[in-house]
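Please look over the sequence and the model shown here before reading the briefing that follows. The points are grouped by topic, and cut-offs are given where a term is first used.

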Amino acid sequence: IAYQASQALAADEKLHLKLVSSLVSRSIHALSYIMYIADGSDATSCDYNICEAISQAMSSGSQVVPRARVTQLMDERAIDKLRAQVQGLMRNGYFRGFVDEEGREIQIAETESVAYIGRAWHCEVQDGKAGDPYSRIIAVTSRLNYAVIQITQKDDSKAGPTQDQMQVVSVRPLSELDRVIVHPRIRQFIALSWWTEGTSSSSDSRPERESLIFESADRRRGFREMIQLVPQLNSKRTRKTSSGEKAEKRLAGLPEMALAPEVIGKLQDAVKGERTSPIVSITFIKGESAIPGLGSSIDVLVLTKASAGIVKISSFLRLIATVAWPDGPEAPEAVCDSDSDEDVPMKASPVKDFDDHNLSVEHARGGPWKLNELQGVWFLADSHPRVNLQFSGQPLKLAFFTDAERQRWRQQLAAVLAALGAGEGELASSQGWSVVPTDKTNIAEVKKAAQAALKESQGMKNGQNGSQPLALSS
C-alpha cells in the first residue's frame, strides 16, 4: 500500500501515475483475498501482522501510507468476508426456486462455491424502462451462476451482516447472457443483455437487461473476467441482427459491445458550457442523499476538456435503458481495462436518436462548471477519498468510492488543466498551476503559499505570473 510521496510523483513526468495507482489497487485487492484465505484458522491468520506493519509504516514516516488506501483495504476486506455468508445462503437453500430461460429450476451443486463477489449499484431494465438503482452484492459461483443479493438491514458490527439480514434477489446462469456493454472511459460500468427470444412464460418477469455500477473498478474487472469463462453454447441458438438477418452466436465466450456513442453525446451536450467540448472521463461518486439499500446514493461525474458536471444517476440509467443496444462493433479488450496514462477524448454522436423519447439530463448539484474559472483543488489526506474544488464564488465537494478512482480522476483533471494553461483550445486559461502540500482550506492563503513556492523554485524571478494551487492537504 505504501509508495512515494505525492509531490515526488508529481515532479517526475516519467512516472506513470495511473499505472502506479492501478498496481496499488490490484495489490490491495490481492492482499484482501489472501487475508480472507488465511483467516481459516488462528495458525494462519495474518490480519494482525498486516495491521501492525501498516501502523509501523505510518508511525515511522519512512513511507507514505495514505489513509484513504487503508480504508480501501478495509472495504475490500469487508466484501471478501461476505463470501462465507453467501456460501451459507447457497448451502441453506436460499438459491433455490429460481428458474432458467426454459422455466426449469436452477440446480445448485453441493460442491458449488463462491468464485467471485463484489458490491455494485444494480438497476433492472424491463420493457425499455430503468428501475431504481440499489446497492447490492454481486456473486458468481464456481458453476457460473450469477446471483444478486440485497442486504436488507445495515449492520455496523465488525462481523458484517448475517444470513438473516441478506435476501437473494435473483439467480441466473451466465450462459443465458447474450452480450455485455462496456466503455473504455467508464471503468466502473458494465451492462448485461439477456436472451429473451424463445424463453418460457414463467420467467417473463425477469429483467431483459441489467446495469451494474461497481464501487471499485477492480471488482468490475474481476466480474468481467468471470463472464469470459462462460463455456461454449449450442450453435443452434441464433439472434437477429440490426439488418434483420440471423447469425450464429459466437461460441468462444461472450461478445462485448461498446456503449452506444449517442449516450456519450447526450451527456456531453448536458455538461457543456459556452460550447460543446469532448468528454475525458465519466466517474461515479457518492451522492449527497441516501436511498434504501447499502451505503449512500450515487452520482455521475462528467469531466470534459472545458467543464465539469454532476448528472443524476437516474438520468444516466434512463439513457442506457432507452438507447438501442448495437450488435457491433465489439469493444477491444485491451482498451476497455487499460491503465494507460493516455486519455483521448470520447467519441460522441449526435443526440437526435433521443428526440422521440423526450429525455432530459438532470444535474445533481447545479453546474456545469467551467474549468477556466477553477481557482483551487484540494485532495484531502483523510480516511475517505474526498476532493474539494473552488470555482469562482462556489465550492464543490466530491466523495469518491475508492482512492483508486480519485487518483485516476486527479490525473485526468491535471491533464485537462495543463492543456488549458498551455493555451490549447478556445477556452484556454491564462493561469498556470502548481502542486503544493498544505493544511490550509482558504483559497487566498493557498494561492499565497503556491506563489511563494513557485518564486523560490525559480530563483525569485521578477514578473513571474501567479499560479493556481492544485493543493494536497496533509
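**Cysteines and overall make-up**

A search of the whole structure finds zero disulfides, a disulfide being a pair of cysteine sulfur atoms within 2.5 Å. Cys51 is accordingly in no disulfide, and the nearest cysteine sulfur, that of Cys46, is 9.2 Å away. This is a predicted model, in which local features need pLDDT of at least 70 and side-chain atom pairs count only at pLDDT 80 or more, while totals for chains, interfaces and linings use all residues. Residues are numbered from 1 along each chain as its sequence is written, and side-chain values use heavy atoms, with hydrogens and water left out.

**The chain as a whole**

- The chain holds 10 helices and 20 strands, where helices (H or I, at least four residues) and strands (E, at least two) are DSSP runs numbered from the N terminus.
- Of the 474 residues of the chain, 49% count as buried; buried means under 20% relative accessible area, exposed means over 50%, and partly exposed lies in between, with a 1.4 Å probe and protein chains only.
- Among contacts between residues at least 6 apart in sequence, 68% join residues at least 24 apart, a contact meaning heavy atoms within 4.5 Å.
- Two cysteines can be set side by side: Cys51 counts as partly exposed, at 48% relative accessibility, whereas Cys123 is buried, with a relative accessible area of 1%.

- Helix α4 (residues 67–91) has 25 residues and reaches 38 Å from its first C-alpha to its last, close to the 36 Å expected at 1.5 Å a residue; the expected span is 1.5 Å times one less than the number of residues.
- Because 18 of the 25 residues of α4 are buried, this helix is largely enclosed by the rest of the structure.
- The axes of helix α3 (residues 47–60) and α4 come within 12 Å and cross at roughly 170 degrees, the axes being lines fitted to C-alpha atoms, for helices over the stretch in contact, with angles from 0 to 180 degrees between N-to-C directions.
- That crossing makes α3 roughly antiparallel to α4, a description used for angles over 145 degrees.
- On the α3 side the contact is made by Asp47, Ile50, Ile54 and Met58, and on the α4 side by Arg67, Val70, Leu73 and Arg77.
- An α-helix has 3.6 residues a turn, so residues three or four places apart point the same way.
- Just after α4, Gly93 takes a positive phi of about 85 degrees.

- Leaving aside its neighbours within four places in sequence, Phe316 is in contact with Phe189, Ile213, Leu267, Phe284 and Val300.
- Helix α7 is mostly covered, with seven of its 10 residues buried, including Ile313, Phe316 and Leu319.
- Helix α6 is also mostly covered, eight of its 10 residues being buried, and its buried residues pack against β12, β14 (307–312) and α7.

**Selected strand and loop positions**

- Leu144 sits in the loop between β3 (134–141) and β4 (145–151), and has a positive phi of about 60 degrees although it is not a glycine.
- Most residues other than glycine have a negative phi.
- At 13% relative accessibility, Leu144 counts as buried.
- Gln167, placed in strand β5 (residues 166–173), counts as partly exposed at 45% relative accessibility.
- Not counting residues up to four places away in sequence, Gln167 touches Val148, Ile149, Gln150 and Thr152; Gln167 and Val148 are 19 residues apart in sequence and 8.7 Å apart in space, C-alpha to C-alpha.
- Asn388 lies in strand β17 (residues 386–391) and counts as buried at 17% relative accessibility.
- With residues up to four places away in sequence not counted, Asn388 touches Gly376, Val377, Trp378, Leu380, Leu396 and Lys397.

Definitions and conventions
Angles under 35 degrees count as roughly parallel, over 145 as roughly antiparallel, 65 to 115 as roughly perpendicular and the rest as oblique.
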